[in-house]
Each structure stands twice: as C-alpha cells, then as structure tokens.
Protein chains: 2
Amino acid sequence: MADSRPVVAIVGAGFGGLRAAQALSRAPVKVVLVDRRNYHLFQPLLYQVATAGLAPGEIAYPVRAILRNQRNLEFRLAEVTGVELTEGRLITSTGTVDYDYLILAFGAETNYYGLESIAVHSFGLKDLDDAVAIRNHVLRMFELAAQEGNPEIRQAMLTFAVVGGGPTGVESAGALAELTRLAQLKDFAELNPKDLRVILLEASDRLLAGMPETLREATAETLWRKHVEVRFGATVTDFNGRELFLKSGEVIPARTLIWAAGARTVRLANSLGVVQSSLGRVVVAPTLQLPAYPKVYTIGDAAYWEIDGEPLPMVAPVAVQQANIAAGNIIRALGGKPPEEFEYRNPGSLATIGRNAAVVQLGRFHFRGFLGWLIWLTIHLMRLVGFRNRLMVLIDWAWDYFFYDRAVRVIMPEGRWPWTTGNEQNSGTPERDGLYRGQ
Amino acid sequence: MADSRPVVAIVGAGFGGLRAAQALSRAPVKVVLVDRRNYHLFQPLLYQVATAGLAPGEIAYPVRAILRNQRNLEFRLAEVTGVELTEGRLITSTGTVDYDYLILAFGAETNYYGLESIAVHSFGLKDLDDAVAIRNHVLRMFELAAQEGNPEIRQAMLTFAVVGGGPTGVESAGALAELTRLAQLKDFAELNPKDLRVILLEASDRLLAGMPETLREATAETLWRKHVEVRFGATVTDFNGRELFLKSGEVIPARTLIWAAGARTVRLANSLGVVQSSLGRVVVAPTLQLPAYPKVYTIGDAAYWEIDGEPLPMVAPVAVQQANIAAGNIIRALGGKPPEEFEYRNPGSLATIGRNAAVVQLGRFHFRGFLGWLIWLTIHLMRLVGFRNRLMVLIDWAWDYFFYDRAVRVIMPEGRWPWTTGNEQNSGTPERDGLYRGQ
C-alpha cells in the first residue's frame, strides 16, 4: 500500500511510550516507536535486581515481542539526539524520522543536582546497567572485606549508604539490609555481623512523603527492625568513594553510596528550546500538547503538570494515564475533533520494605505488614509483562522467602552499552577501579 | 585453633578446581580457592546464553554458596597474576597467598593463533562476558538491519559466521540458526528471511572430529536441515568486522564472526617458567605433579596429557577426574604414601544441534535425533549446580520448545569486569563501535 498514513513518532518505550503506542494500534496512523534500549523495563522492581533478588532479564521484555501483533507499528532501536520541532523531524543515531505527530515520553534520569563528585562515585538507580553495577559492587565489597586486614577499611567496605527517603530509597535500603544480613553473611563466616551497616539518609523529617502519617511511621519502624539506620535531617554534601560527608560536619567512612535522592528529565529535554519547569520537565498545556507546537505531546516523567500547586510525581500511573489522553487527542485531531484535557486519578501508592512488610495506600484504605506485602506482591506480579517473566519472578521470590537467600548473587559483566552516545553521567566503572584493589 | 594445617591453594573454580576443593573437604588441610570470578560457570551451556536461550545467572552459581558447608575452605576473589614456584607463593590482585601444596586449574581462553585482526573483531566464547557480548551483538544486528537501506549492508548484518567444527562451533551454529530463523524473524516482519545466513566454517573435512563417522555425518546433515551452510576445507585468514577472508580467496561480507576454532591455556601458564606443550598446556608427570615441583599439581585444560600420542581434549570430565587424582595425591603425600598415576576413563561425548537433535556417544552406544536430544537434556540438567538454576533452565527450555521463542532477547549491559587486570585480548566493545552506527 502507498503509505500516506500520518506518522506518529513516540520517543521512549517506558510505561508512557508503550501505552501510547498500544492506544494507537487501531488508529489510521503509522506509529514509529524509538528507544535506545530494545526492551521495556519494569522499573518498580529495579531495586530487586540491584539487590540480587531478581535477574535483569526478568524485569525487561523486548519491545518488539510486546508489540508483535501491532501491524501499524515500526520499532527503531536508536538514540534520539535531537528534535527539530519546526520541521517535524527526529534526529537519531541511525538517521532521521519525519513525523506528523510526536509523543515525547523520554522519561527521567538520576539527578545529582550538580554534585560532580557524588555523580562520579555513587550509584544511580534508573536502568539495568545501574542495577547490575550496584549488585556487582555490593557483592565485591563483601569479597574484598573478607580479605581486608585493616578493620577500619573493612567496616567502610561493609557500610552501605542510601540517600533519599522516597520509595526507591526505602525499598533499596530494606532490600539491602536483607541481602547483606540474611543472605551474604551465611557465606562469609569470616566477617563480623557487627561491622555491617545499612544507612538510609533523608534530608527532611519523613520517609515516603506522599503517604499518610501512620504508614510513614510504620515504614521507619520496620526499617529499624531490619537494622537499617534511618537518619532524618541528614543532608549529604559530598562523597569521594571512601567517605561520605554530611552538612552537619559528620563524616561516615563508606565505600557504597546509592543515590536515590532525585530525578530529572533526560538531557534531550534541554535541547528542545521549549519552556521547562523544575527538574527540567517540559511544561505542557492541559491537553498535554506543547503550547507552541500543538502536534507535539509530552507525557510521563518528561512532562510538567501541577495539581494544587504540586507537580505530579514521576510514577507509572501518571505516564499511563497521560499516554491514553495524548494518543486519544491525536486520534481526535485526525477526526477533526477538539482535544480532551488531562485529569489525574490517583490510584494510590505502595512501597515494600522487605519480607512480610510493605505499606499500601489505595484511596481511603491503608495496609501494612504482611497483608500490605501480599497486596504489593500481587499488584507487581500482575503488572509485569510476559508470562515467563512472571513465573521466574515468582520462583525467585519464593526462593528468597523460604530459603532466606538471594537468587542472583553473581558478579556479572557490566558497563555501558557500546552504541550509546556517551552522554550518561555515570558509567559506573573506571573511577571506582582503585576501590577494587583493596586500598 | 592455631592454624598449623598445611595450606592447599587452588587456582580456578572451574570444573577441576571446584572438584579438587570438594575432594579435600575432609583432609587435614586448609584449602584456599582463588578465582577472579565469584561464580562457578557451567560452560557447556554457555552457547545458549550467547543465543538468548538462557540468562547468564542460570549457568553461574556463587562459589561460596556451593562450598558453604566446607569448613576447611577459604575463598578469595582475586586475579592470580603470578606464581613463585620456588617460594611457594601466589601473587594476586589482592595480596599474596603462601601455600604448601598448589593445584593449578586455571583453564583455557580463546586461541586466535596470533591473528590480531580476528582477535579484535570476532567474538570468543569462553566466559559470560563473551556470551552476553554475542547475544547483544546478534540482537543489535537485527535492529540495525531493519533500519538499513542498503541491501548489501543489510545482508552482511544478517550473515552470522561461526568458525570451528568442534562442539562449541556446532552447538553455536545450530542455536544461532534457531534463534535467528525461529525467534527473531517473528519480530522482524520488515526483514526478508532470504537475507539471513548462518555459516559454519571448518578447515578440515569433518565436524566433531572425536565422534564416530555416522554421528559426524548426522551432525552435518542436521545442520543443513536447519539452514546452516556447512563449509568444509574453509580456512579463515582474516576478518575486519565487515568482511571475512578465506584462504581460497573467497570474501564473505559479514558483520558477525564467532571464533570457536581454538583454545589455549590462560597467559598465567607462560609466566611459570615450566615446560609447556602445544596450546601452552603445562606438561605434567603421570601423577599430575610438575616434574620440578612435586608439591604443585596441574589439572584440566591447563595440563598437557597424552593418550596414544593424542593430547586429552579440554573438557570437563578430564578436569574432574584429574582433580580427584591431584587431591588424592596430596592426601597421600600428607600420609606419607606414594602418589597414584592418572588414567583417563572416557565417559563418551555429546553435542546438541538444536531442537530434537543431538548426537551422543556413550562407549559403544550411539544416539542421535530426538532420543539423543533427550539424553543430552537430562545429562546437562543433572549436572547443573543448584536447584533454582535447574528449574529456571528447564522453564526456559520448555518456553523455547513450545513457543519457538527465546527467553532472553534483551540487549543488556556488557563489558569488562572493572577489577580485572586488563590482560584479556578482546573486550568486545570499543573496536566495534562503528558497526553500531549503521555505516
């Protein structure tokens, strides 16, 4: 057929981009979905890869396999390096894509707020390479500590700090505590459990700020029970790979810092020449269009949207709901109808703290402890893409639960993807090289 | 207790090193096992990781977890950089280890026979990083081919060459044919199946040289049925990442070359200053001792041993049987008894060619086709370490078998381990960078 269908380009195959593509499956358009990864990542479980509970492949699913039956879709593995908004053209690492409509769903990356030394020495947790790097590093610290004669260095090797009391920080700290105390110590009889520290540092006076107070308190209490030192009012000012500096003047010797203190849109947003709000997010009209380019929509972490003066959080439900509106508005535009405005329906929020413990807020209903944990498990299993992945995750969770073990405690290949443009801030390897020689 | 037990150091936690450690579990010695990986790798299934059938973690198991209950064992994650044979000391990346007895089980690496350009541009298949690099590269070639306008470049991107008609080459070629034809093409409707080539290049006139003739013929026939071009008398002289050069003058445009044409001992062997035979293997006495250093044993791929003028193959059964003898001889030496001599009992050999097809030779018995395949499956599942890994592999195989799909078709983080000394020949990334821009 002569392809005269309008082209809808979508940048990013995260929760938003994928949903937008699916919402356009029956529209009279050609969808071109561009991502620099060949998989859709189930980010909510990323911290479990970082803490050796799940294998990377269990939370990643090939985009092509997900959208195999969608006839009007073309997938392109490429890095988008620029957008020519006036011409309607994407510049990518493998060539250009001319579009009639565009949905920007490029998501967010770790935000170090300009703290260069922290960016170099700490670990973000936004993609699989981050997670594998953290897993490798934590496992390696145990191996090196076991061979370390100097007790101070050994303690620093066994001190794992997490910055940020949001869901990622809380979940990472809880999972780290269990990985280190329950699984690793079984295999390191030569180490003293008293040398082990997991510290969660939060600048404000609360964890999981969006949650009701009872659940926030339960979260801190549960973390303490798991031997996580929860420190409030603790602002991290620097980290050199060996010492962590707090604003109070305190210095904590530590070889591991997981930076879960912030996110911002990926750099591509800055090159668009459009109005950006806090964290680099692109300011959109109520219809999710760019005010100056009505054929361009921005959704998810990339888009700035306020409710009662507060920006929407960077979470999957926002991206999915916005994807439906953006895709719907393109279909409406093709049919000559006016666009709809986006309204956010908050489905609630949930976070797990470890075995038998999660906090869940669904509208008026609050759950915690074992029941919260079961709800958390069920929701995450259901949302995972692919039967094989669900089955594997279930087995790994059962393994973990019944044997107090972690399924994937192997130090694996890691590093950059060779075909990325190298604009990532933290490659996770070379600067740390000295740390792995036992100095 | 004052530790006056003699120290047995073991270099390498492959089939030989691991077995030797276990055989010493009740001996009155302290065992120090050193490996630069924290896992034992089940190498016979490595090609399945390279062809997206299995996840890396499914064939790797932490050494510490395997040997958790062995009280007299200490594991060290370190790279052995030298051996001072006269002093009885290992030099490692994390310090030195003084030993009374030593078992060298450091194994083999890919042998490029000095062909520098091939070493840089092709893929070996000896460890997990190789396997992940191959998987990523093959998947990436499909993605780039789908975006490639030039039909000649597209064909080169879809041409996958394997060099070497031994078990690794045969199994890789068969698995590649199934990955590309059965799984990948389902997701690449835009590609023409006729552009796809899998070529197996063998310099001699036979595949699986150690097998009986009927099985050798069946192997070639089965590969042909799977659309693998089997080329005999084809000697590869060069590969520049874009073209493959044969001795005959033929030039095959191809972007992928898997080099399964040879192995040699790791470089450490060359630094020992002892007698080496072909492929760098260390020549041992019939008791597996080094003639000049009777407290030092060498086993497995690292050791040279002849039967009827032929060196023993670099396979797991040899390593395991030698490990038992070496460990036993150390125990005998401690008890003042004379050492035993090694005698090889050949348990047979087997290779799989793909779904429903394997060739198996067990003593006088030969099997092929579906029955051979079932025997192959059973033996490999039984030998895998760890219940979780067995279960996961079984699920992935079933997935593959019933859905004609591959479980792990995601392009993942790859690269060097940050703490290796960098003496690997092929990092698998930087030189190929140009290939991934679609030139």
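Tutor: Leaving aside residues up to four places away in sequence, B:Met211 touches B:Arg216, B:Ser349, B:Val359 and B:Gln361. Please keep in mind throughout that this is a predicted model. B:Met211 itself sits in the loop of chain B that runs between β12 (197–201) and α8 (213–225). Is B:Met211 buried or exposed? B:Met211 counts as buried, because 23 other C-beta atoms lie within 10 Å, and the cut-off for that word is 20 or more. For a sense of distance along and across the chain, take B:Glu343, which is 132 residues from B:Met211 in sequence and 21 Å from it in space, C-alpha to C-alpha.

The helix that follows this loop deserves a careful look. The 13 residues of α8(B), at 1.5 Å a residue, should span 18 Å, and the end C-alpha atoms are 18 Å apart, so the two values agree. Within α8(B), the buried residues are B:Leu215, B:Ala218, B:Thr219, B:Ala220, B:Thr222 and B:Leu223. An α-helix has 3.6 residues a turn, so residues three or four places apart point the same way. The elements of chain B against which the buried residues of α8(B) pack are α7 (167–183), β12, β13 (228–231), β25 (349–354), β26 (357–362) and β27 (365–368). Just after α8(B) comes B:His227, which takes a positive phi of about 70 degrees.

Further along chain B there is an open sheet of 3 strands, in the order β14-β15-β16, with antiparallel pairing. Here β14 (236–239) and β16 (251–253) of chain B stand at the edges with a single partner strand each, so each has one side left without a neighbour in the sheet. From one strand to the next, the twist averages 20 degrees. The antiparallel pairing of β14(B) with β15 (residues 243–246) of chain B runs over 3 bridges, and B:Phe239 stands opposite B:Leu244 in β15(B).

Another open sheet of chain B has 6 strands with mixed pairing, in the order β5-β2-β1-β9-β21-β20. Its edges are β5 (73–77) and β20 of chain B, and since each has a single partner strand, one side of each is left without a neighbour in the sheet. Strands of a sheet pair through backbone hydrogen bonds, either parallel or antiparallel. In this sheet, β1 (residues 7–11) and β2 (residues 30–35) of chain B run parallel and are joined by 5 bridges, with B:Leu33 in β2(B) as the bridge partner of B:Ile10. Helix α1 (residues 15–23) of chain B packs on the sheet, where it touches β1, β2, β5 and β9 of chain B, and its direction makes about 160 degrees with that of β1(B).

Moving across the sheet, β9 (residues 101–104) and β21 (residues 293–298) of chain B pair in the parallel sense over 3 bridges, and B:Leu104 stands opposite B:Thr298 in β21(B). By contrast, β20 (residues 289–290) of chain B pairs with β21(B) in the antiparallel sense over 2 bridges. A hairpin through 2 residues joins β20(B) to β21(B), and B:Tyr293 in β21(B) is the bridge partner of B:Leu290.

Technical notes. Residues numbered from 1 in each chain as written. Chains lettered and ligands numbered in written order. Predicted model: local features only at pLDDT ≥ 70, side-chain atom pairs only at ≥ 80, totals over all residues. Helix = DSSP H or I, 4+ residues; strand = E, 2+ residues; numbered from the N terminus. Buried ≥ 20, exposed ≤ 12 C-beta atoms within 10 Å, placed from the backbone. Contact = placed C-beta atoms within 7 Å. Pairing = 2+ DSSP bridges. Axes fitted to C-alpha atoms, helices over the stretch in contact; angles between N-to-C directions. Expected span 1.5 Å × (residues − 1).
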